[in-house]
Amino acid sequence: MKYRHGFHAGNFADVHKHVVLIALIEALQRKEKGFLYVDTHAGEGLYDLRPDPDTRGEHESARGIGHLLRAPSPGGGATPTLIARYLDLVADARRRSGLRHACPGSPWIAVSLLRPQDRAVLCEWRTEAFVALRRLMRDAAQVHCENADGYARLSAWLPPPERRGLVLIDPPYEEGREDRRRIAATLQHALRRFATGVYALWYPIKREADSGRWLETLTGRLAVPALRTELWLHPRDSRVGLNGSGVLVLNPPWQLGTRLREALPALHARLAPAPSAGGWSVA
């Protein structure tokens, strides 16, 4: 299973990740003082999900953001604030870009939420994606884009002068053990430089035994407060490919878990292919 931002943009894992990102940014913005946001694997920042007549099959976004936009609120109740905020940002991205099927990536979402006192550093190593990202962010004064390896460059930005920061690590997981090794080394080094920073690591749920064992080992080595939020639509050990999505948050902000427990049941209810399919957790 290869995860590329553009190919998987707007799928259920993307939706889950972005709802968590919104919750994290809003939590940091409870304080007036600014903070630094760093995205180590930024991608292009915005994706056009218009149907391709030459491509057979359904785009993954149809069962993600597409389904979320179509599905009514479960039980006819009010949409949880985090989900409503995400849908507002999708609508804003489509309005501002002029693309009917636009899907915002993490850079767009984060930068759209930043206040004047906040800053962002967006790293993308693939040159073609970086050019698109830099073009997208050309008018954002508080944003710095780098065509660089986000793992390697993270330490250069830590600790930030604000002494407050959020780092999103969302790698493609194309190199298996090497990606996991680099994630562990990057987080260990980052925490030595900036122990109070908030770090959010997205990970795929493909084989429960593998991901669970790795996360337990990782959190044990890092030895900082951690919160795991997961959303899965298929049995966690099935062979469909991407069974679920997880975000590990180190040094989680106050009440982050409470907000996610309010949003994830409704998110799961809207995205699950059947009421009994999959589940969610925040722990």
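Which residue forms a salt bridge with lysine 17? In this predicted model, the partner is aspartate 170, and the closest N and O atoms are 2.5 Å apart. The pair links distant parts of the chain, 153 residues apart. Lysine 17 lies in helix 2 (residues 12-28). Aspartate 170 sits in the loop between strand 6 (165-169) and helix 8 (177-193). Buried means under 20% relative accessible area. Lysine 17 has 2%, so it is buried. Aspartate 170 has 1%, so it is buried as well.

The structure holds 15 salt bridges. One of them joins aspartate 48 and arginine 50, at 2.4 Å from N to O. Here aspartate 48 is partly exposed at 30%, and arginine 50 is exposed at 54%. Another pairs glutamate 230 with arginine 228, with the closest N and O atoms 3.1 Å apart. Glutamate 230 is buried at 4%, whereas arginine 228 is partly exposed at 24%. Shared partners also join Asp14, Lys17 and Asp170 into one salt-bridge network.

Now turn to the helices. Among the buried residues are Trp108, Ile109 and Leu113.

Helix 4 (residues 81-97) packs against helix 10 (residues 256-271) at about 65 degrees, their axes 8 Å apart. From helix 4, Thr81, Leu82, Ile83 and Leu87 take part in the contact. Helix 10 meets them with Arg259, Leu260, Ala263, Ala266, Leu267 and Arg270. By class, this contact has 7 nonpolar, 1 polar and 2 charged residues.

Terms used: Residues numbered from 1 in each chain as written. Predicted model: local features only at pLDDT ≥ 70, side-chain atom pairs only at ≥ 80, totals over all residues. Heavy atoms only, no water. Axes fitted to C-alpha atoms, helices over the stretch in contact; angles between N-to-C directions. Helix = DSSP H or I, 4+ residues; strand = E, 2+ residues; numbered from the N terminus. Contact = heavy atoms within 4.5 Å. Nonpolar A, V, L, I, M, F, W, Y, C, P; charged D, E, K, R; others polar. Buried < 20%, exposed > 50% of the residue type's maximum accessible area, 1.4 Å probe, protein only. Salt bridge = Lys/Arg side-chain N within 4 Å of Asp/Glu carboxyl O.
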